[in-house]
Amino acid sequence: MNTYLKLNLLGNCFQQRCYLSTSPILHSWFVRLTNVTQVNTEAATPKHTRKRNYPLTYEQRQFPKLIGHTKTWNTFNTSNLRDGKRKAETVSDDLFLRQFIYGTWHSLFVSELIIKRRHNMIILSGLVTRTIHPRRMYFLIGYTEEILSALLKTPVKIEIQTVENKEDVIFTYW
Amino acid sequence: MLTRTFFNQIFLFKPSQIPLSVLSYRSITTAARLKKQLNIAATPRPHIERPAGSDELYKRLCVEVRGHDPAVLESYEKFVRLVSTELDVQLVNVENPPFFTERWTLLRSKFAKKKYWREYEIRTYYKKFHFKHLTGSTASTFLEYAQRNLPEGIMMIVERVRLEPFRDNLVPPPSSTITTTTTTNTATTSEKTSEEQRNS
């Protein structure tokens, strides 16, 4: 356990502090916000930092207005098509899956989790850093597949790709 | 009520109400003419042998595919064309119905600023594959293969038109002088209405 923790600390030394204020009164309806940094914000669209050193992956650089043009979605399912079924359940399952993977794979995923639904199967994909031993990774894959299949009552498969370290996915500095 | 003028009696009355002498002035369709010539009411209905355990016959198979991404649907169309030529299934045509879009106009800002709105939309693209003349086993095999290779985020709806033997209890009425309208049902096979199934 000790060696595992040490490796993690060394690997994530580039953690930047987000310039955006994380005050709990950010999205309040009874306090009228007037400061520029909090009022003129847009979802998933960061503003330029003074030092231009905020790292962005390629996916993060494609802002949400480009979804459907040069950016696709992170989940693929039929719930939002015309006559699509199980809209609410799909969304809640997706949120649970993302939180579960974020918590189980400690700082290993460097991309967003891609969730594909084919027939009754759920296939999870993403980019993972090679900070842990492959044997531990195989255990994690098996563990996630088993426990998620039992929880969601559908076959769950994981198809991950590995990357040397986090710097490999940084596309630009904002 | 229509008065019985010459024009009315030929063109506006039903064929059963038109006297035989005037009927000849009205051009009847090829089918009706042939039925009169062949004297279909008089000939007995041929009995078609359907041995037990014989396959179902599908006159038409319509596979409708829906998705958010037209590029994915086009690649699936390429796949289906290849598969239908390989498995020797007759693909009549591929139809591209226009896409359906669901729109919302919402406020752009969290608070006030009623002058600035934003438009959001969700699009559903369609594609329809029309097949003809399939047997039951061919159809189920072909559909199984096509559905196994359906990409994620694509929905499929299948409509099948099956051929059924004509019911023996439906008998044309005893022969009368004018029987053109009532003999339309004596075709030897009839069509059963479609079934639907969904996938993905």
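User: Which feature does UniProt place at residues 62–159 of chain B?

Analyst: An unreviewed UniProt entry places "domain: Small ribosomal subunit protein uS10" at that span. In this predicted model, residues 62–159 of chain B are 31% helix and 46% strand, and their end C-alpha atoms lie 5 Å apart.

User: What is the strand order of the open sheet in chain A?

Analyst: The order of the four strands is 2-3-4-5, with mixed pairing. An edge strand pairs on one side only, as strand 2 (75–76) and strand 5 (156–163) of chain A do. Strand 2 of chain A is joined to strand 3 of chain A by two bridges in the parallel sense, and Phe76(A) stands opposite Lys116(A) of strand 3.

User: Which strands of chain A does helix 4 touch?

Analyst: Helix 4 of chain A packs on the sheet against strand 2, strand 3 and strand 4 (121–129), its direction making about 135° with that of strand 3. Helix 5 (residues 134–152) of chain A lies across strand 4 and strand 5, at about 150° to strand 5.

User: Is Phe109(A) buried or exposed?

Analyst: Buried means under 20% relative accessible area; Phe109(A), at 17%, is therefore buried. Phe109(A) belongs to the loop between helix 4 (87–104) and strand 3 (114–118) of chain A. Beyond its neighbours within four places in sequence, its contacts include Ile101(A), Leu127(A) and Ile160(A).

User: Where in chain A is the pLDDT below 50?

Analyst: Where pLDDT is low, the predicted coordinates should not be read in detail. Chain A has a mean pLDDT of 84, with 81% of its residues at 70 or more. Residues 1–22 of chain A, however, fall below 50; this stretch has 19 contacts in the model beyond near neighbours in sequence.

Methods:
Residues are numbered from 1 along each chain as its sequence is written. Chains are lettered from A and ligands numbered from 1 in the order in which they are written. This is a predicted model: local features need pLDDT of at least 70, side-chain atom pairs count only at pLDDT 80 or more; totals for chains, interfaces and linings use all residues. Side-chain values use heavy atoms; hydrogens and water are left out. Buried means under 20% relative accessible area, exposed over 50%, partly exposed in between (1.4 Å probe, protein chains only). Contact means heavy atoms within 4.5 Å. pLDDT is the predictor's confidence in each residue, from 0 to 100. UniProt positions are given in the numbering used here, feature names are shortened, and annotations may be inferred rather than shown by experiment. Two strands pair if DSSP finds at least two bridges between them. Axes are lines fitted to C-alpha atoms, for helices over the stretch in contact, and angles run from 0 to 180 degrees between N-to-C directions.
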